[in-house]
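Subject: Structure handover

Hello,

Here is the structure we spoke about. Please look it over first; my notes follow below.

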Amino acid sequence: MIKGGNLLDIATDNDPCLKVRASEVADINDATIQQLIKDMIATMYNAQGIGLAATQIRKSVRIMVFYLPETRDDINHTGVPLTVLINPTVEPIGDEFSSDYEGCLSVPGMRGKVKRYQKIQYTGLSVNGERIDRVAEGWHARLVQHEFDHLNGILYPELMAEEDRLISFVEWKALSIVSP
Ligand code: ZN
């Protein structure tokens with residue numbers, strides 16, 4: 001599925017494309033959309049990210065790609081395989097929240113603490129048009145909420161509490177020695 005993907009430039013910081021609410025994909029079989037998905041996957045892996053939304057590569061369509069490595073899966077410890085989610089929906093389950101540090105390919109070199117729903121249900125279409133309907137918890141849920149926000153033009157620093165500040169990757173690394 002990754003074969004034939006081109007590397008695209010990832011928009012950062014104040015790039016206006018990051019503030020746009022993306023539109024629904026009308027025809028997922030459209031050749032342009034199918035190529036875009038390949039490009040997004042190649043670009044995400046190349047940048048060593050675990051998620052990428054189409055708005056980050058200046059395409060205003062509701063597509064996200066992500067995967068969760070086993071080591072980041074705090075709930076099931078199995079990881080989540082590479083997932084393409086088109087026209088997604090995200091709904092919270094319950095009212096439990098968790099706070100943790102997130103990074104973003106569009107906010108390079110930084111980390112910030114964000115409060116997210118601990119558990120969600122999300123749906124969407126796969127690259128083949130099959131319906132995806134999953135319940136996610138912990139980091140899986142955090143990752144999906146982060147990418148979903150991108151499709152609505154929201155970057156994580158906007159969600160941080162006033163008393164928290166963005167920290168550099170180096171500062172964050174020092175913190176994570178204390179609390180892995
Ligand atoms: Zn991001």
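**Salt bridges**

The count of salt bridges comes to eight. Please keep in mind that this is a predicted model.

One of the pairs is E102 with R116, whose closest N and O atoms are 2.8 Å apart. Because E102 sits in strand β4 (residues 97-102) and R116 in strand β5 (residues 110-117), this pair ties together parts that are 14 residues apart in sequence. E102 is buried at 2% relative accessibility, and R116 is buried at 4%.

R116 also pairs with D149, with 2.7 Å between the closest N and O atoms. D149 belongs to helix α2 and R116 to strand β5, so here the parts tied together are 33 residues apart in sequence. D149 counts as buried, at 13% relative accessibility. E102, R116 and D149 are linked with R142 in a network of salt bridges.

Another salt bridge joins R131 and D133, at 3.6 Å between the closest N and O atoms. R131 is exposed, at 59%, while D133 is partly exposed, at 41%.

**Zinc site**

The zinc ion has three protein donors, C104 (SG), H146 (NE2) and H150 (NE2), at 2.0 to 2.2 Å. Both histidines, H146 and H150, lie in helix α2 (residues 139-151), four residues apart, or about one turn of the helix. H146 and H150 are both buried.

**Nonpolar cores**

The largest nonpolar core has 19 residues, and F66, I120 and Y122 have the most contacts inside it. Helix α2 gives the most to this core, with six residues. Apart from it lies another core of 18 residues, including V25, I28, I33 and V65.

Regards

Conventions: Residues numbered from 1 in each chain as written. Predicted model: local features only at pLDDT ≥ 70, side-chain atom pairs only at ≥ 80, totals over all residues. Heavy atoms only, no water. Donors = N, O, S within 2.8 Å, 3.2 Å for Na, K, Ca; no water. Helix = DSSP H or I, 4+ residues; strand = E, 2+ residues; numbered from the N terminus. Buried < 20%, exposed > 50% of the residue type's maximum accessible area, 1.4 Å probe, protein only. Core = buried A, V, L, I, M, F, W, Y, C linked by side-chain atoms within 4.5 Å. Salt bridge = Lys/Arg side-chain N within 4 Å of Asp/Glu carboxyl O.
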